[in-house]
Amino acid sequence: MIPEPGAPVTLGAAPQHRFECSRAGCRDAADSAILWRNPRIHSEDRRKTWLACSAHLETLRGFLAAREFPLEIRSVGDLDD
Ligand SMILES: [Zn+2]
């Protein structure tokens with residue numbers, strides 16, 4: 001569906017950025033996505049996705065790595081489908 005030019009966006013509260021950092025309190029645009037899984041509660045094919053701005057990528061990655069969760073870093077551009 002192609003929106004008409006100038007049509008207002010009314011689908012709920014529009015986020016400031018299409019991909020917003022998942023870090024609590026951060027409203028920056030995310031440029032990385034962390035795909036991760038908690039092996040204790042998620043089955044083999046489940047993935048959680050966190051989005052991270054450049055400032056918080058290491059924070060979020062470190063949080064998961066400290067728990068030894070399997071994770072994978074992607075660019076948000078790879079999330080498009
Ligand atoms: Zn952030």
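I began with L35, which stands opposite E72 in strand 3. Strands here are DSSP runs of E with at least two residues, helices are runs of H or I with at least four, and both are numbered from the N terminus. Two strands pair if DSSP finds at least two bridges between them.

I noted the background next. The model is predicted, so local features need pLDDT of at least 70 and side-chain atom pairs count only at pLDDT 80 or more, while totals for chains, interfaces and linings use all residues. Residues are numbered from 1 along each chain as its sequence is written.

I looked up the overall make-up.

Strand 1 (residues 32-36) pairs with strand 3 over five bridges, in the antiparallel sense.

I checked the loop between helix 1 and strand 3, where E68 is found. E68 is not a glycine, yet its phi is positive, near 60 degrees. I asked myself: is E68 buried or exposed? E68 counts as exposed because it has 9 C-beta neighbours inside 10 Å. The cut-offs within 10 Å are 20 or more other C-beta atoms for buried, 12 or fewer for exposed, and partly exposed in between, with C-beta atoms placed from the backbone.

Last, I looked up burial for the chain: 17% of its 81 residues count as buried.
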